[in-house]
Amino acid sequence: MAAGSFRRSIASQLSKVLDLPPENLIKSISAVPVSKKRHVADFQLSIASVIENSSGDCLAQDLHLQAQQLAGRLKCDSVVSAISAGPGTVNFTINRELLAKTVLHTLWKDGSEYGVKSELFSTVPRQKAVIEFSSPNIAKKFHIGHLRSTIVGNFIANLKVALGHEVVRINYLGDWGMQFGLLGVGFQSFGNKEKLKSSPLQHLFEVYVQINKAAEDENTKKLAKDFFRKLEEHDEQALSIWKQFRDLSIEEYIRIYKRLGVHFDEYSGESFYQEKAQEVLKMLEDKGLLQKTIKGTGVVDLSEKKDLSAVSTVMRSDGTSLYITRDLAAAIDRMNKHSWDTMIYVTDKSQSNHFQHLFQILKLMGYDWAERCQHVSFGLVQGMKTRRGEVIFLEDVLNEVRSRMLQNMTATKTTKEIQDPVETAEKVGLAALIVQDFRGLLASDYQFSWDRALQSRGDTGVFLQYTHARLHRYDEVLYRSSQDLQPKHIVSYLLTLSHLAAVAHKTLPVKGSAPDVAQARLCLFHAARSVLANGMKLLGITPVTQM
């Protein structure tokens, strides 16, 4: 790709001077972020990254001196038009005409694979990744944390697929546990079969809220325990009620996920691992890892000194499994089924301890692949409310964002020509949600604001869509995101590109220019739009062509 050929050209000149193989240098040559305020070089070499045995205490002035000396030994050529030294860097400016031609030509040629074909990824092995994300609890709120997990997991899956990896997307539902005892009893008292069919998520939630009010009553508690025991003993009638709850909920989830542009390869859940969790407890016992407490619960000792100062509880006193035991069973089962190279769990940061314990126990059980499990955590979102109040269902958020966006669009004079304003409002509104969410590091908490998300100026999703509807060194941004799985690198790149494209749109008119100039400018706008579209799709945004 374009930036790649420039990097290679710089690396080959450097390799002669530094007597190092060019492939060792390529990763040390990075693109310089474009600045709107001043002209900057195109690429820079970090001196610290190529000096042998370079340690952190190497003085800044030494690095600067070495940068100046190295810059003095290098020569400009047909590719590089200027070389200068910066603080600890050597900067390279590329011949402007060659840069524009090469970037635009490569973009036309590579299309949607632009950036992905870069040699930055040439040493990255193609792998199989299992990604568990979204994972709501049936009959409970689909809270904002589930929305974050859904869009972050979708981004990671999209990025991995774009980079040529095989991906299995798993939705691990909260579809088991004592709440189903309550729900089974609640449905017998408050349930309505018609409502269950027409809006299962809403109805099951209503039933759950009502039965919870009655759950203080000893008789209700006993009935709920009995119902759940029947489930665990595979009672046909109890199982058929539970299966109906689960199947209808998944049908509705699929419909809502479709609005988000998200799909799953597998709808799994805790219910799949009831028996396998018992096998895990047996394995822990056989390996001498399961210890009984005075209360009769089963724990695994995670302390370094093996003094029980840090434990993880894996079994209730009645011998039944817990959430973590089912997670252990699921991890082992997925390895047997998918033989994955990496498994990523996408949940909020409050579950960090849970996953640390999970990975530690797997290691103690002798599963070396636990090293290849990863928890991608994210912070909390505060202040997301719809006009009707607190967010309970994902659909409420999607309807709210669509109606607010439609209102904003109706107020602008260009909207009248749009063929399907409702669908456009949904796509643009979703872009707004995603960009507001992805602008910072995922681990940060942030305060949600409808007004900020939906404004069309500034760094927002609406602005991204606006630029795409109107309207290079992308591979490094993809590489950074592929390394730390943070979408913010792609978001800030696309926003900068959007700002620059907006400036170019004002200052480089196509209409009224000489034919060859008009053609070149069209080519430039087409290229910017193509990169925007590719990047937006990775983020889970469907680009619109009118707004």
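A: The structure holds 30 salt bridges, a salt bridge being a side-chain nitrogen of Lys or Arg within 4 Å of a carboxyl oxygen of Asp or Glu. This is a predicted model, in which local features need pLDDT of at least 70 and side-chain atom pairs count only at pLDDT 80 or more, while totals for chains, interfaces and linings use all residues. Residues are numbered from 1 along each chain as its sequence is written, and side-chain values use heavy atoms, with hydrogens and water left out.

Q: Why is the contact between D42 and R96 called a salt bridge?
A: The N to O distance between the side chains of D42 and R96 is 2.7 Å, and because the cut-off is 4 Å, the pair qualifies. D42 lies in the loop between strand 1 (29-31) and strand 2 (43-46), and R96 in helix 5 (residues 96-110), 54 residues apart; helices (H or I, at least four residues) and strands (E, at least two) are DSSP runs, numbered from the N terminus.

Q: What makes D42 buried?
A: Its relative accessible area is 2%, and buried means under 20%, exposed over 50% and partly exposed in between (1.4 Å probe, protein chains only), so D42 is buried. R96, at 41%, is therefore partly exposed.

Q: How do you know that E233 is exposed?
A: E233 has 55% relative accessibility, so it counts as exposed, whereas R229, its salt-bridge partner at 3.4 Å, is partly exposed at 44%.
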